[in-house]
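Hello,

Here is the structure I promised to pass on to you. Have a look at it first, and then read my notes below.

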Amino acid sequence: MTTHVRATVAVAALGAVWCVGFLTVGAGSEAIAYVFVPIGGAVAAVSVRHLTGAADPVARRFWRAVLVAVVLITVGYTWLAVDMLAHADQARTRSMPAPAAACTARGFLVAFGALARVPVVAAGGAERWRMALDRMIVFLGCAAVLWYVGLAPMLSAREPWSRQAMLLVGLGLLVAVGAATKVSYIGGGPVDGPAMRLVAAGGGVPAGAVSVLAVQFGYIASVPAQAVVMPLAPVLVTLGVAAQIRADAGRRRDPVRHGALLPYLAMILVDVPLIAVALGAPLRWPVRVVLIAAVLVTALVMVRQYLAYRENARLLHIARRQEDRLQYEVSHDGLTGLANRALFRDRLTAALAAPGPAVVLLIDLDDFKTVNDLLGHGTGDSLLVSVAGLLRAETGDDDLAVRVGGDEFAVLMTGAAAVPEELARRLLGALARPISEHRLLVQASIGIAVASPGATVDSVLRDADVAVFTAKQRGKAGFVRYVDGMGEPVLAHMQLGAELRRALDDDEFRVVYQPIVRLDCNRVIGVEALVRWHHPGRGMVSPAEFIPAAERTGLIVPLGRFVLRETCRQAVAWLAEFGPDGLQEAGLNVSARQLHDPDFVSDVAAALADSGLPCERLVLEVTESAVLRGPQVSRTLHELDRMGIRLALDDFGTGESSLSLLRAFPAAIVKLDKSFVDGIEIDDGRPAAADARQAVARAVIQLAHALGLDTVAEGIESPEQVAALLDLGYTVGQGFYLGHPMAAEGVSRLLAHQRGRPSPSAERTREISRAVRPPARG
């Protein structure tokens, strides 16, 4: 392609050299000036032909049309050159043959059509009308100026040119104006923008230059026009082809849209003739055409500005709506539509700065996690939306209902007549009825905090948190108003959680074991592992104190993992020392939080594998409430059962679904709760009363035997209870009477004594148990 560019440049340069020679020394005939355009046009046609096979249909159609236009113009000027060479003596005054002019004009029109068919920036609605108006303004403004400075002077020149010449000049200017209008709105595409501008300049630049030469120099201007100016058209076309090839090779420049400035430029240009008239130029008919064009441009600009005003107003309205929506989304909860934490803090800050009262009710739904676990998060979300609607219905105009996060809500009361306890009662009463589409019952714990003088946002919220925590400690489903000093035990409880983490890291926990004994011969057949905390400063900390804190903080998972691995390790040590008949099983308690842990099963498998303890010798004790904690817990328990681990249902009889659990839960052992053992031995001379006290224990043993389950009676504290349980059919039990929780060394001494004396007396077993028990019990 560089060769073609060089060839057209060489033709143009040769024409310029010849023109200088002709005008200075009269070299050659004037007709020779007409041969340079056809030669350059032929080279340009060859260069354009390289792009007619483009892959994109838009580019292929455009360059094929350009090839047709170049060929037609070249044919027309070849015809003209032949005619001028044949009539060399008339070259200065001879007009272009009509067929040649028609062929050339056809070429200009084809080029104009090719440019017109190239798609512009995709637009719709008001943007499409705005773009159309801009293009009309640009076209009329530029056309009016070119008419004033180009075509009109040619019509009134002292040596008027032929109609053919003026037609071709006008078409060339039309192509230039149309292309400038069109190409400025091309937003990139298969046809390169610079390439289109160069092709359009191939018609416009020579036409404009020819018109100026014609007006200034008359007929003699035909020589430089044909030899110097018009050969520039093939040069520009081949440069356009080269630009398209560079763009197809990946060197395309980012499209730059100049359309926004063109209407303003057109307005300036159309005013130039008017300024000339204002300065004294005669008001002739060419100027009147310009005046008409100026009026049309002004009218179009007014319409354009009106559309722009409407569009700007629409965009401003949309921007305001978006701003309002974003502001709402920033300050409101996406699920419930209530105010969120950020807006809550802002309003509370303003309320604390105002002279009026400020009261915060913090509402925490009780056991909401169970809803998500059992019924799914969709049902949980529906319940939260219903609770939010309930808050809106129960709060007053001066109150702000808030979703703080998760299952926690709040109400900010700022009215002078605010009675927070009354609102709390209404909320609890409304929650006592089924709500949401699923007709669910939900309870809540409510904490009330009244802002004291000098209170801050954080202090008020802290007081409300303490009140909620206290309400939950008191049994949930109630409300508590914060009073001074209420936070101290709560803070101690929270500090206990932090100390638990340190205790785990510092190895302050110990595992003790309570014997499980055969009631008929007082033989130890198993143990239940229990954890104790030896605090360096407080001494022995009760499990009743630290186990709830471990549950709340989630530290029950690593703590339970420690107890599991230590129990497995110690059980293997006893098996190695006393043989398979020395100790049949080792059990430990498992919480619901542990069963929800996705790694719990793998933790159990790893503990068994690392210690070498057979699966059937490990017992995991689970409470009825833990079994009812959802499908995740059920899957975990069945997986443990398939591994061969024995599962015990602890504290049996205290739940609401005990009988049905025995069919759904893969239990191997049922442990009768201590509450049904207490008083079972009392003989008050009334058989009916004794039967009533023993009814549950009798029903449990009968049901267990029917289902093939083992039984263990818990909390045995007297020999009379042992006798009563043996009469009912119980053979295994545990309790302080049979053995206190003790260190592993104590269990080892019991097992060693059993190996020496297979059936020790009950009194001797108790003596050994008391001798080896730890100083604290729980």
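At what angle do helix α1 and helix α2 pack, and how far apart are their axes? Please keep in mind that this is a predicted model. The angle is about 175 degrees, and the axes lie 9 Å apart. Since angles over 145 degrees count as roughly antiparallel, that makes α1 roughly antiparallel to α2. On the α1 side, the residues that meet α2 include His 4, Val 11, Leu 14 and Trp 18; among their partners in α2 are Phe 36, Ile 39, Val 43 and Val 46. The residues of this contact are 9 nonpolar and 5 polar, with no charged ones.

Next, the cores. The largest nonpolar core has 78 residues, and those touching the most other members are Phe 546, Trp 574, Leu 618, Leu 620, Ile 716 and Tyr 730. Helix α19 (residues 556–578) gives this core its largest share, 10 residues. Beyond its neighbours within four places in sequence, Leu 620 is in contact with residues including Leu 588, Phe 600, Ile 645 and Arg 646. There is also a second, separate core of 29 residues, with Ile 363, Ala 388, Val 411 and Ile 446 among them.

Finally, take a look at helix α16, residues 457–473. Its 17 residues should span 24 Å at 1.5 Å a residue, and this agrees with the 24 Å between its end C-alpha atoms. Because 12 of the 17 residues are buried, α16 is largely enclosed by the rest of the structure. Asp 463 is one of those buried residues, as are Leu 461 and Phe 469. Just after α16, Gly 475 has a positive phi of about 120 degrees.

Enjoy exploring!

Technical notes
Residues are numbered from 1 along each chain as its sequence is written. This is a predicted model: local features need pLDDT of at least 70, side-chain atom pairs count only at pLDDT 80 or more; totals for chains, interfaces and linings use all residues. Side-chain values use heavy atoms; hydrogens and water are left out. A nonpolar core is a set of buried Ala, Val, Leu, Ile, Met, Phe, Trp, Tyr and Cys residues joined through side-chain atoms within 4.5 Å. Buried means under 20% relative accessible area, exposed over 50%, partly exposed in between (1.4 Å probe, protein chains only). Helices (H or I, at least four residues) and strands (E, at least two) are DSSP runs, numbered from the N terminus. Contact means heavy atoms within 4.5 Å. Axes are lines fitted to C-alpha atoms, for helices over the stretch in contact, and angles run from 0 to 180 degrees between N-to-C directions. Angles under 35 degrees count as roughly parallel, over 145 as roughly antiparallel, 65 to 115 as roughly perpendicular and the rest as oblique. Ala, Val, Leu, Ile, Met, Phe, Trp, Tyr, Cys and Pro count as nonpolar, Asp, Glu, Lys and Arg as charged, and the others, Gly among them, as polar. The expected span of a helix is 1.5 Å times one less than its number of residues.
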